Amino acid sequence: LSILLSTSFILGIFLRPYLGKLKLLVELGSYNINTNIYKNCPKKIDYLPEKSIIIIGHAYGSIRGSQKRGNNGIAPKIEEFYKKNKKKIDTLIFSGDILRKPNIEKWNNFYSKFDENTKIYISPGNHDVGGNNFYSPERDIFNLINQHKTKHIFPFTFSRNNSLFIIADTNSKIMDLDKVIKIIKNNQKHKNIFIIMHHVLIKELKYGSNGEGKHGFIKNSILDNKISKITNKKLFFIYGDGGVSKYKPRIKCFKSGNTLHIVNGIGEINGDIILLIKNGQIYRMEI
């Protein structure tokens, strides 16, 4: 018995670094061979329509890739995509984690990559505003750099082609979900409503996310109950905290009634996915 216990202890120490990844792969199911991995996800599109709205999650890409660049800038494939298609892009929405270790110079460099007539909106990620701290130098820098860009207090909205876009901040001290729901309630004239935030909100997409946010996950049934009381419109919750590594899906979706939840992000891996919206319709595109 003592030999068995000793062997188990030694194996436990040896395998400990790999247990998290093994558990994740089991929980995701046969992700790499499952032909139904895009269930409920937006249709794929291989061309970019004129005046598209682009949504990009986890723009700094992989941890290793960012480190090689001195944690400076976004993933090169995003820059290349923009340069190639900028004449067709009306609006860029970044759903968080744009810079892994931000400072004023890096933010200025980020904005210098885009034409002035490209409208840019940001739902900040934990890296953008300071990790696990509600108040941080990174948050101060983010506010300083972006105050003249957006001039909005989260959550804020803008409209395009009869669709409402709500940009939220999941890193704020008080989770603003109730404010988001109030905005939805007061904007019933729009055909579709897109809610963009960084951290995944619902437990059902937990294993598609890079990690748990400051305010944790909630059961979809709780959110459904809140939403069903105020609207029957099509809602799209879009999260940018996904896809950081090969152990995460490029995109993962969950549908409940008229509400579709989507998490995706750039990991500098073949098959990385961005989202685009044209005339109220949402699509996925590989870059």
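The conversation below goes through the sheets, the helices and some single residues of this structure.

Q: What kind of model is this?
A: This is a predicted model.

Q: How many helices and strands are there in the protein?
A: The protein has eight helices and twelve strands.

Q: And what share of the residues is buried?
A: Of the 287 residues in the protein, 51% are buried.

Q: What part of the contacts comes from residues 24 or more positions apart?
A: Among contacts with a separation of 6 or more, 71% are between residues 24 or more positions apart.

Q: Let us turn to the sheets. In what order do the strands of the sheet with β1 and β4 lie?
A: The order is β1-β12-β11-β2-β3-β4, an open sheet of six strands with mixed pairing. Its edge strands are β1, residues 43-44, and β4, residues 119-122, and each of them pairs on one side only.

Q: How do β2 and β11 run, parallel or antiparallel?
A: They run antiparallel, and three bridges join β2 (residues 52-56) to β11 (residues 273-278). Within this pair, Ile55 is opposite Leu275 of β11.

Q: Which strands does helix α3 touch?
A: Helix α3, residues 76-85, packs on this sheet and touches β2, β3, β11 and β12. The direction of α3 makes about 165° with that of β3.

Q: What about the sheet with β5 in it: what is its strand order?
A: That open sheet also has mixed pairing, and its six strands follow the order β5-β6-β7-β8-β10-β9. At the edges stand β5 (156-160) and β9 (251-256); each has a single partner strand, so one side of each has no neighbour in the sheet. On average, neighbouring strands in this sheet are turned by 20° against each other, with direction ignored.

Q: In which sense do β7 and β8 pair, parallel or antiparallel?
A: Their pairing is parallel, over six bridges. Phe194 stands opposite Phe236 in β8.

Q: Is β8 mostly covered or mostly open; how many of its residues are buried?
A: Strand β8, residues 234-239, is mostly covered, with five of its six residues buried.

Q: How many bridges join β9 to β10?
A: Six bridges join β9 to β10 (residues 259-264), and the two strands run antiparallel. Lys255 has Leu260 of β10 opposite to it.

Q: Which helix packs on this sheet?
A: Helix α7, residues 177-185, packs on the sheet and touches β5, β6, β7 and β8. Its direction makes about 165° with that of β6.

Q: Now the helices. How are two packed helices described in general?
A: They are described by the angle between their axes and by the distance between those axes.

Q: At what angle do α4 and α6 pack?
A: Helix α4 (residues 104-112) and helix α6 (residues 137-146) pack at about 40°, and their axes are 10 Å apart. That angle makes α4 oblique to α6. The crossing of α4 and α6 is right-handed.

Q: Which residues meet there?
A: From α4, Ile104, Trp107, Asn108 and Tyr111 meet Ile141, Phe142, Leu144, Ile145 and Asn146 of α6. By class, the contact has seven nonpolar residues, two polar ones and no charged ones.

Q: Changing topic: where is the cis peptide bond?
A: A cis peptide bond joins Phe154 and Pro155, with omega about -10°. Pro155 belongs to the loop between α6 and β5.

Q: What is phi of Asn161?
A: Phi of Asn161 is near 50°, which is a positive value in a residue other than glycine. Asn161 sits in the loop between β5 and β6. This residue is exposed, since its relative accessible area of 53% is over the 50% cut-off.

Q: And phi of Glu268?
A: For Glu268, also a residue other than glycine, phi is positive, near 55°. Glu268 is in the loop between β10 and β11. Glu268 counts as partly exposed, at 29% relative accessibility.

Q: What is Ser123 in contact with?
A: Apart from neighbours within four places in sequence, its contacts are Phe94, Ser95, Gly96, Ile167, Ala168, Ile196, Met197 and His198.

Terms used. Residues numbered from 1 in each chain as written. Predicted model: local features only at pLDDT ≥ 70, side-chain atom pairs only at ≥ 80, totals over all residues. Heavy atoms only, no water. Pairing = 2+ DSSP bridges. Helix = DSSP H or I, 4+ residues; strand = E, 2+ residues; numbered from the N terminus. Contact = heavy atoms within 4.5 Å. Axes fitted to C-alpha atoms, helices over the stretch in contact; angles between N-to-C directions. Parallel < 35°, antiparallel > 145°, perpendicular 65-115°, else oblique. Left-handed = near helix turned anticlockwise from the far one by under 90°. Nonpolar A, V, L, I, M, F, W, Y, C, P; charged D, E, K, R; others polar. Buried < 20%, exposed > 50% of the residue type's maximum accessible area, 1.4 Å probe, protein only.
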